[in-house]
Amino acid sequence: MNEIAPSPEGHVKEGTITMDAGEMRCDANPSSPTAPDPSCVVRAPIGLLAELTHRCPLQCPYCSNPLELEKVNVELSTEDWQKVMREAAQLGILQVHLSGGEPTARRDLEEIVKTAAEAGLYTNLITAAVLLKRERLEKLKECGLDHVQISIQDVDTQAENADRIAGYKGGSAKKKEVAGWVRELGMPLTINAPIHRHNIHSVEAIINYAVELGAGRVEIAHVQYYAWALKNRSSLMPTRDAFMAAARLVERKREELKGIIVIDAVVPDYYAKYPKPCMGGWGKGIINITPSGRVLPCHAAESITHLEFDNVRDKPLADIWLNGDAFQKYRGTSWMKEPCRTCPRREIDYGGCRCQAFALTGDAANTDPACSLSPLHEEWAKVADVESHQSPPAFVYRRPGGATPKPAAEKTPVSSDA
């Protein structure tokens, strides 16, 4: 899991490679073999998504980790991750999101958190929560953990559905218990709910549930169809009517709960007019590090098969951020083709998702088909209409062997006048 919660604002930290107001030239290293966009100015990244492990007890059919998971024997050591945390702070990063897989599967999580906190990083634990015990959560707080983000599959009144989606019995009840511990310990809490046709009927209940738990933020995150989720697209895709009803409901709840909870929403690409900006712009604000230490511009970047990725075992994080081939490839706008190159939105959405463009067109420099200006958009968007109206096939759960029992019948979707 790798959904990232916003963190408190702050100034870029002073460090050996930062420049005025945190700006750094792409060509800061004159010996770099790449030819960066001459107009490109790189700021220190705001956040680091640290995928500590790909191990996970859940089997979610929309898992955002790559198709080929990294094994335990290639994971970075405790010392490696501690070095990453110190280099991240020196680079000017403000926040680190400790993710996976399931980060609490790492026995050294406390040591990693402690080093990150000592380096001055704001630490956010992104967890499925089912492996946590209260004593460990208390210890993590003592080590400097600032924030906890718990993913849920449905609300507790639909626990059977939640457990079916996750492929993990008893998970729903445990998540609620851990959320209670987080608040009892005085820590900020975010609830993240990946939304699809099997739980879109619960959007209002999920928001109310987050309020009941005392969360400061809830993310209604429609599934993005990459990697494992793409395998399950025909089972997960909601209808346009169900999505529109849920979107109206979210807007109503934002007004109703203003000042009580922040409600963020991620729109499904298949129903968007314009694509979402890829990580706020490729190589612009976020660094992702895999369990084995490969440094990526986004969590799905390894799906672009021609890219080469540096490893934190071999190079300093700052050098990779500034000069790494994978970061330079689609940074800025000079790489763009038409219609993106002359589009007035080119520095708003940056042509959309490079990984999706590659997966669906074979060329990562093409316009993301999620954009209505893409010549492939109309044909691509029809896929959602067709698949969302068909009976959902069985989930392909994220587990060895893959095949699964047939999912239960869909719940009644949100009414269109919600």
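Counting every side-chain nitrogen of Lys or Arg within 4 Å of a carboxyl oxygen of Asp or Glu as a salt bridge, the total for this structure comes to 25 salt bridges. The structure is a predicted model, in which local features need pLDDT of at least 70 and side-chain atom pairs count only at pLDDT 80 or more, while totals for chains, interfaces and linings use all residues. Residues are numbered from 1 along each chain as its sequence is written, and side-chain values use heavy atoms, with hydrogens and water left out.

One of these pairs joins aspartate 80 to arginine 313, with 3.6 Å between the closest N and O atoms. The two partners sit in distant parts of the chain, 233 residues apart: aspartate 80 belongs to helix 1 (residues 78-91), and arginine 313 to the loop between strand 11 (295-296) and helix 10 (317-323). Helices (H or I, at least four residues) and strands (E, at least two) are DSSP runs here, numbered from the N terminus. For accessibility, buried means under 20% relative accessible area, exposed over 50%, and partly exposed in between (1.4 Å probe, protein chains only). On that scale aspartate 80 is partly exposed, at 23%, and arginine 313 is also partly exposed, at 43%.

Glutamate 219 and arginine 217 form another salt bridge, with an N to O distance of 2.5 Å. Here glutamate 219 is buried, its relative accessibility being 7%, and arginine 217 is buried with a value of 7%. Salt bridges also link Arg55, Glu75, Arg106 and Asp108 into a network.

A further salt bridge brings together arginine 345 and aspartate 349, at 3.1 Å from N to O. Arginine 345 is partly exposed, with a relative accessible area of 23%, whereas aspartate 349 is buried at 6%.

Grid points are joined across faces, edges and corners, and a volume is the space filled by probe spheres set on the points. The search gives one cavity of 30 Å³ or more, and the largest cavity holds about 80 Å³ of space. Its lining divides into five nonpolar, one polar and three charged residues, where Ala, Val, Leu, Ile, Met, Phe, Trp, Tyr, Cys and Pro count as nonpolar, Asp, Glu, Lys and Arg as charged, and the others, Gly among them, as polar.

The second largest pocket has a volume of about 390 Å³. Its lining consists of 21 residues, and those nearest its centre are Pro66, Leu67, Ala227, Ala300 and Ser303. Two or more lining residues each come from helix 7 (227-231) and helix 12 (354-361), with helix 12 giving the largest share, five residues. By class, this lining has 11 nonpolar, five polar and five charged residues.

Ala227 also takes part in the surroundings of cysteine 63, which touches Ala227, Trp228, Ala229 and Arg398 when residues up to four places away in sequence are not counted; contact means heavy atoms within 4.5 Å. Cysteine 63 lies in the loop between strand 3 and helix 1 and is buried, at 14% relative accessibility. An unreviewed UniProt entry annotates Cys56, Cys60 and Cys63 as "binding site"; such positions are given in the numbering used here, with feature names shortened, and annotations may be inferred rather than shown by experiment. Cysteine 56 is placed in the loop between strand 3 (47-51) and helix 1. This residue is partly exposed, at 35%, and touches Gly101 and Glu102, again leaving out residues up to four places away in sequence.

Finally, helix 4 (residues 159-166) is largely enclosed by the rest of the structure, because six of its eight residues are buried. These are Asn161, Ala162, Asp163, Arg164, Ile165 and Ala166, and what covers them includes helix 5 (171-184). Glycine 167 follows helix 4, with a positive phi near 65 degrees.

Note on methods:
1 Å grid on protein atoms, 1.4 Å probe; cavity = no way out; pocket = protein on both sides within 12 Å on 5 of 7 lines; lining within 4 Å.
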